[in-house]
Amino acid sequence: MDFSIFFNILFPYIGKNLSEGNFARLLFDKIVDAELLEDDPMIIQNDSTFKHYATNTRGIQRLSKVIYEHLNLGKFAAFINQFDDTANNSICEAFKPYYPKINQINVGGMCAEIFQKIIKDAAESPSRKNTAEKNKQVSSRDIGLLFETNCKCPKCGVSLIKNLKDKQFRNYAIINLSTRLFQKESICLRDEIAICNSCATEFEICLDDDDRILLKRLKLQVSKNKAYEQDIDSQILIDGVDKILSELSKGHEYDGEVKLTKKALRVAKKISNNPILVGKIESDVKRHYGALTIIIENAENEGVMSARKLMNCMGRCFDSFDEQNLTQQEIYDKMADWLNSKTGVNNRTICEVFVSFFVQSCQVFHEITK
């Protein structure tokens with residue numbers, strides 16, 4: 001959690017009579033022993049600066065480095081506890097998605113500890129440039145959320161990922177449907193939705209009821225879609241893979257040899273700087289590898305297509321795209337598209353599972369050499 005989220009959770013309940021800048025200043029003032037500071041930044045800095053902290057248009061790193069060694073958690077806990085039960089109950093409910101153990105008895109102390117961690121993390125964070133670059137990259141914590149939408153904006157269909165120099169950058173914002181706030185990264189999958197940056201600009205920091213209803217509908221839809229993809233009907237999978245094998249076996253001779261890697265490797269050792277693709281392939285392999293092994297063995301026993309011929313086919317397909325200096329994500333996508341078009345299976349999910357099988361079987365991608 002960053003300061004802007006912390007601020008926006010508290011502001012509606014205990015900051016209504018203050019401006020954003022004044023309330024942000026007050027929060028810092030209530031956690032710092034100002035008498036221990038040579039210069040009090042809560043006095044020196046103006047309201048505009050604190051408003052920037054509240055809206056996250058300016059980071060709190062510089063301020064945090066000054067005040068971190070002079071925090072007084074008891075002072076801040078007492079500040080929170082002075083408000084009535086209605087306010088404190090509302091604060092508890094707002095923080096529960098992030099900190100389930102918060103309650104009306106410990107609300108003051110928990111808020112103080114949360115604020116302390118925010119300040120500590122900011123004080124220990126790297127330079128602004130490095131932080132900005134890191135914030136643009138996809139967090140590993142977001143992968144489940146991105147899988148849910150198949151990396152497409154559920155509102156407009158635009159890709160949530162931008163691939164640049166074999167790295168994945170964010171084109172999405174995460175909205176928590178319980179708190180109605182934007183988040184930097186995924187914390188609780190069931191309460192969040194990822195939408196593209198363009199669509200995100202249509203919403204305010206705190207969503208109104210109509211916004212929330214719309215996003216909840218989108219969340220319900222992507223959750224249903226994901227459940228369907230994860231539980232591919234066994235007969236649909238069998239029929240689809242059988243069709244792929246049958247079509248690949250027709251009219252194609254593989255008289256040459258493709259250099260195949262026989263050494264079994266973890267997927268992460270073959271794919272560089274793409275945790276989303278690694279997670280996708282590992283998920284496919286975990287759910288479907290055994291089933292595909294049986295289907296391919298049966299096809300070989302029935303004389304449809306030998307395993308060796310199939311390995312050469314997939315190896316050649318990979319080599320043809322690998323020679324084009326494409327990224328690994330582009331190769332994976334193009335192989336799935338090629339299978340879908342070549343075989344007429346018309347089910348890209350099954351084609352992706354098929355490609356994932358051959359990543360694990362070592363016909364697609366090679367070990368990363370350091």
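Buried here means under 20% relative accessible area, exposed means over 50%, and partly exposed falls in between (1.4 Å probe, protein chains only). This is a predicted model, where local features need pLDDT of at least 70, side-chain atom pairs count only at pLDDT 80 or more, and totals for chains, interfaces and linings use all residues. Residues are numbered from 1 along each chain as its sequence is written, and side-chain values use heavy atoms, with hydrogens and water left out.

Figure 1. Helices (H or I, at least four residues) and strands (E, at least two) are DSSP runs, numbered from the N terminus. The protein has 370 residues, and 46% of them count as buried. Take the contacts (heavy atoms within 4.5 Å) between residues at least 6 apart in sequence: 70% of these join residues at least 24 apart.

**Figure 2. Strand β5, residues 192-196, covered on both faces.** All 5 of the 5 residues in β5 are buried, so the strand is largely enclosed by the rest of the structure. Glu192, Ala194 and Cys196 sit on one side, with Ile193 and Ile195 on the other. In a regular strand, side chains alternate between the two faces of the sheet.

**Figure 3. Strand β3 (residues 172-176) and its antiparallel partner β5.** Two strands pair if DSSP finds at least two bridges between them; here there are 5. Ala173 stands opposite Ile195, while Ile174 has Ala194 as its bridge partner. β3 is largely enclosed too, because 5 of its 5 residues are buried. Tyr172, Ile174 and Asn176 point one way, and Ala173 and Ile175 the other.

**Figure 4. The β3–β4 hairpin.** Strand β4 (residues 181-183) runs antiparallel to β3, joined by 3 bridges. Ile174 turns up again here, this time opposite Gln183. There are 4 residues between the two strands, and Arg180 in the turn has a positive phi of about 65°.

Figure 5. Rings of Phe, Tyr and Trp (its six-membered ring) pair if their centres lie within 6.5 Å; planes under 30 degrees apart count as stacked, over 60 as edge-to-face and the rest as tilted. Phe50 and Tyr53 are edge-to-face, at 5.5 Å centre to centre with 85° between the planes. They are 3 residues apart in helix α4 (residues 47-55), so about one helical turn separates them. Tyr289 and Phe357 are stacked, at 4.6 Å and 25°. That pair links helix α14 (residues 275-301) to helix α17 (residues 348-360), 68 residues apart. Tyr289 is partly exposed at 30% relative accessible area, whereas Phe357 is buried at 9%.
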